[in-house]
Amino acid sequence: MEKEWRTHPKLKGKLLEDYPDDLQVIVHDGGPRLTINPPELVWVRVMGVQEDLFFGVVLNQPHHLQLVEKNSPIMFLVSDHAPYPIQVRASYLQERPDWMVHPCSKCGNNELLDAPSDLIKVIFPNLPSDSELEMFSTFCGLCGGVQVVENQKLPGEM
């Protein structure tokens, strides 16, 4: 059976020659607004792909993370603006189509480590629950720069 991720254009140059299913991925407990634990770089074995979303298993134990450990199944995306693929969670993927993440002011990363709704709860704790933000800023989970997050829902859908 052909392992289609081995020829996926997003993984070109990222997989090891001797271990063609393995690559390094940035894993995390969340971004700087939700955790004090910084992201870590670990080895991951790719197990599947669905369009541009990859599925894998963590091969080594992270040093300080609480939510990721050796043998954890993870999902990850390959950003054109980050040095390594980035772990994502289902809550982020569910909300991702409704938001545009502008590139970080320092590193250019345009993915978040947290779902926008989780960030909004922390950044704006007194915001009424029925409010919808058009835009907000947060700190990049990779470098600490600033990312602007813009709501992409049409005004009639809000």
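Leu34 counts as partly exposed because its relative accessibility is 39% (buried is under 20% relative accessible area, exposed over 50%, partly exposed in between, with a 1.4 Å probe and protein chains only). This is a predicted model, in which local features need pLDDT of at least 70 and side-chain atom pairs count only at pLDDT 80 or more, while totals for chains, interfaces and linings use all residues. Residues are numbered from 1 along each chain as its sequence is written, and side-chain values use heavy atoms, without hydrogens and water.

Leu34 sits in the loop between β1 and β2 (strands are DSSP runs of E, at least two residues, numbered from the N terminus). Apart from neighbours within four places in sequence, Leu34 is in contact with Asp114, Asp118 and Val122, contact being heavy atoms within 4.5 Å. Its C-alpha atom is 9.9 Å from that of Ile123, 89 residues apart along the chain.

Strands β2 (residues 40-50) and β3 (residues 53-58) are antiparallel and share six bridges; Val49 has Phe54 in β3 as its bridge partner. The two strands form a hairpin with two residues between them, and Glu51 in the turn has a positive phi of about 60°. β3 also runs antiparallel to β4 (residues 73-77), joined by four bridges, where Phe55 has Met75 in β4 as bridge partner. In a regular strand, side chains alternate between the two faces of the sheet.

Leu16 lies in the segment before β1 (22-27). Leu16 is classed as partly exposed because its relative accessibility is 32%.

Terms used
Pairing = 2+ DSSP bridges.
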